[in-house]
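Dear colleague,

I am handing over the structure that we spoke about, and it is placed just below. After it come my notes on what was found, written so that you can follow them with the model open beside you.

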Amino acid sequence: MNKPLIGAFFAALLLGAGITPAVAAGSAQALESATETAPAAKAVTFAGTVALSNCSGSVVRSPDSQPTDPALVLSNGHCLETGFPGPGEVLVDRPSTRTFTLLDGTGNGLGTLKASKIAYGTMTDTDLSLYELTSTYEQIETGYGIKALELETAHPVAGTAITVASGYWKRTYSCDIDGFVHQLKEGRWTWKDSVRYTPECQTIGGTSGSPVIDDATGKVVAVNNTGNESGQECTDNNPCEVDENGEVTVREGINYAQQTYNMVPCIGTGNKIDLDREGCGLPKP
């Protein structure tokens, strides 16, 4: 996984030394990638992204979310302060007081947002977390002039131009969706229908949880989470692709994300997570 980082001081020294599987953190390629950022599409900025203590994230909304609903922050399951959820483990409505630094379009910190709970978190089938905040969308927009990023409701398409916007590093990575992976296996975890980037997106440690934004629409289509660091097969830091016939493919240096369209139907009235809603594609406890 794109390593969550423990403290900016150590992150600056080690460029991604952390406690989680990640993308080429610490390698010469990652160091070069960290200092040479691909230019973002003009439509994509950092507005609405957040920095966590060890990862990246974004304030997101479904098309049906209301201004008075408590806002949601999207990140990775492996970025949870409770540690990595085990295979088959799903967290729902867990109290949390985690804080997030809200960024403006140029990456400047505007203020601190606070969670009331982990609304949802898992590393089974996907790798995502959703935090419910103590602030509403209306309060965030009024107080900071920032609107939430909207979640796309349809399956993304190969060839789409995308930008990965990291609030932790205040960096963007631009590339295309190369395709989709039937099963992506990394260590103990398996993810389904993952997004594979073209090689230009050389994401690094700390970019975990970054929104993957469709350049044309500005909507979130996935959440950045992992990549094959050293060419190993299906190990921590080195996910492998498994097709419908069980054939394994290793793509060293290639990075991946988890789709988010299938979680939109799970967001019900008042932004409450309801895993029994029609069309909800998230695993249940």
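Leaving out residues up to four places away in sequence, Leu 130 touches Val 60, Leu 72, Val 73, Leu 74, Lys 117, Ile 118, Ala 119, Tyr 120, Met 263 and Ile 273, where contact means heavy atoms within 4.5 Å. Please keep in mind that this is a predicted model, in which local features need pLDDT of at least 70 and side-chain atom pairs count only at pLDDT 80 or more, while totals for chains, interfaces and linings use all residues. Residues are numbered from 1 along each chain as its sequence is written, and side-chain values use heavy atoms, with hydrogens and water left out.

Leu 130 also belongs to the largest nonpolar core, which has 43 residues and in which Val 59, Leu 74, Phe 100 and Leu 130 touch the most other members. A nonpolar core is here a set of buried Ala, Val, Leu, Ile, Met, Phe, Trp, Tyr and Cys residues joined through side-chain atoms within 4.5 Å; buried means under 20% relative accessible area, exposed over 50%, and partly exposed in between, computed with a 1.4 Å probe on protein chains only. At least two residues of this core come from each of E2, strand E3 (70-75), strand E4 (90-95), strand E5 (99-103), strand E6 (109-122), strand E7 (128-136), helix H3 (137-144) and strand E13 (220-227), and E6 gives the most, with 5 residues. Helices (H or I, at least four residues) and strands (E, at least two) are DSSP runs, numbered from the N terminus. Another core, of 15 residues, lies apart from this one and includes Ile 162, Cys 175, Ile 177 and Val 212.

For the chain as a whole, there are 3 helices and 16 strands, and buried residues make up 56% of the 285 residues. Among contacts between residues at least 6 apart in sequence, 66% join residues at least 24 apart.

Val 164 lies in strand E9 (residues 161-166) and counts as buried because its relative accessibility is 0%. Beyond its neighbours within four places in sequence, Val 164 is in contact with Arg 171, Thr 172, Tyr 173, Tyr 197, Cys 201, Thr 203, Ser 210, Pro 211, Val 212 and Asn 224. The C-alpha atom of Val 164 is separated by 9.9 Å from that of Gln 202, 38 residues apart along the chain.

Pro 283, in the segment after E16, is also counted as buried, at 12% relative accessibility. Setting aside residues up to four places away in sequence, Pro 283 touches Val 90, Tyr 120, Thr 124, Asp 125 and Leu 275. The C-alpha atoms of Pro 283 and Thr 124 are 7.1 Å from one another, although these residues are 159 residues apart along the chain.

Asn 54 sits in the loop between strand E1 (49-51) and strand E2 (56-61), is buried with a relative accessible area of 13%, and has its side chain joined to that of Arg 98 by a polar contact of 2.8 Å. A polar contact is a pair of N or O atoms within 3.5 Å; within protein, one must be able to donate a hydrogen and the other to accept it, and residues adjacent in sequence count only if both atoms are side-chain atoms. Asn 238 is found in the loop between E13 and strand E14 (240-242) and is buried, with a relative accessible area of 2%; its side chain reaches the backbone nitrogen of Glu 229 at 3.2 Å.

Backbone angles deserve a look at two further positions. Asp 193, in strand E11 (residues 189-197), has a positive phi near 55° although it is not a glycine, and is partly exposed with a relative accessible area of 27%. Asn 271, in the segment after strand E16 (255-259), likewise has a positive phi, of about 65°, without being a glycine, and is buried with a relative accessible area of 1%.

With kind regards
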